[in-house]
Amino acid sequence: GVIANAPGFCNYAPVNASNMQCTIAFTRFLSATDTEVRSALPGVSYRTRLVGALSEGAECTVISGSTLDFYPQYVPAPNELIEVHYRGSGRAMARVTNPASIAAQQRPNGDGVYGAVRHIKRPSPRTTTDCENAAIALLDDSVNTAWEGEYEVWSDFLPAAASDIFPGDALIINVPSRNAGFQSIVSKVEIVFKDPANNRSVYRISFANDAAKLLAIDFEAARITTPLNVVAVDISQVGGTYLPPLRAAAITQIGSTSASVDAGTPPPAGGGIEVRWSDLGWGLSNDRNLAGRFSNQLFTLSRLLRSQTYYLRQYDASTPPKYSRYSSALHIDYPL
């Protein structure tokens, strides 16, 4: 079966007990597969099929392409429904603007729009949301005054009576004579032992804020190999432009001319679930490839071919409506 809300780790520990009501033959950790396969006989609940190598106890494997192969010992029975879940992938990208900064930079011969393309090296951006957050950090730092400096002090007089200080620690700098008041990050600490007998030393602390030295994000040389066909959003729209994807959407029943679908979550109030025959043209103004719009979590779709794919996104009642950022694809390959 499928375990919901499984913990991210476990603890192994000896247990002092007189009576244990369980037996553990062995434990094994396997690299998680990118595909989930389940099957069910008509009228029976789905069961999970292990994906991987036969030597590891798996029942099926997914080779390059779109082929699912079952090992001879685990061939499905006639009319057994097979359900496969997987995730698509692509380059994570985002475009974020700062309208206030653009307006401040406008000149008689310029519109105030200046751009940069940055490739994030560390931490690796796994989603478009990660790219948006990195862009916000860059825009916030670009409008701040860059500060960088050093502070030398005996260990007895470390800031805030600290017992020690390390790279990565935060420092609040307040130097009225330099009109400097900002938060910085310690980038380097040099220690010179001047009085070992009394455990006293001199600390030379190097610090900077993110406007002067990027410490939280590491970039690499930008090579534009993918078209930047990404809709730009301003900093106030990040996090509120899209709805969550329908990750739990599933086909619950297949007929000769129809398919029943569970969207996995109720539609937003005043909104609905939009279903299309292809993954494009999303919006209330386009009905060309529309399979239907539904205000319920459970609905039925027409089935025209043996191999049929539906694409789903949810939308709300705002004007214009917000949609899911990513589409959920439901694919059927079953005799008519």
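1. The mean pLDDT of this predicted protein model is 85, and 92% of its residues reach 70 or more; pLDDT is the predictor's confidence in each residue, from 0 to 100. Confidence is highest in β16, at 96, and lowest in strand β12 (residues 218-220), at a mean of 77. Strands (E, at least two residues) and helices (H or I, at least four) are DSSP runs, numbered from the N terminus. Where pLDDT is low, the predicted coordinates should not be read in detail.

2. Residues are numbered from 1 along each chain as its sequence is written. In this predicted model, local features need pLDDT of at least 70 and side-chain atom pairs count only at pLDDT 80 or more, while totals for chains, interfaces and linings use all residues; side-chain values use heavy atoms, with hydrogens and water left out.

3. The largest nonpolar core has 15 residues, and V261, I273, V275, F299, L301, Y310 and L312 have the most contacts inside it. Such a core is a set of buried Ala, Val, Leu, Ile, Met, Phe, Trp, Tyr and Cys residues joined through side-chain atoms within 4.5 Å. At least two residues of this core come from each of β15 (258-262), β16, β18 (298-302), β19 and β20 (328-333). Apart from it lies another core, of 11 residues, including I165, I173, V186 and F207.

4. Beyond its neighbours within four places in sequence, L301 is in contact (heavy atoms within 4.5 Å) with T257, S258, A259, V261, V275, A291, F294 and Y310.

5. There are five aromatic pairs. Rings of Phe, Tyr and Trp (its six-membered ring) pair if their centres lie within 6.5 Å; planes under 30 degrees apart count as stacked, over 60 as edge-to-face and the rest as tilted. W147 and F182 are stacked, 5.2 Å centre to centre with 10° between the planes. W147 lies in the loop between α2 (128-142) and β8 (148-154), and F182 in strand β10 (residues 180-195), 35 residues apart. W147, F182 and F207 form one aromatic cluster.

6. W277 and Y310 form a tilted pair, 5.6 Å centre to centre with 40° between the planes. W277 is in the loop between β16 (272-276) and β17 (290-294), whereas Y310 is in strand β19 (residues 307-315), 33 residues apart. Y310 is buried at 0% relative accessible area, and W277 is partly exposed at 29%. Buried means under 20%, exposed over 50%, and partly exposed in between (1.4 Å probe, protein chains only).

7. The charged end of R200 sits over the ring of W154, 4.4 Å from its centre. The rule asks for NZ of Lys or CZ of Arg within 6 Å of the ring centre and within 35 degrees of the ring normal.
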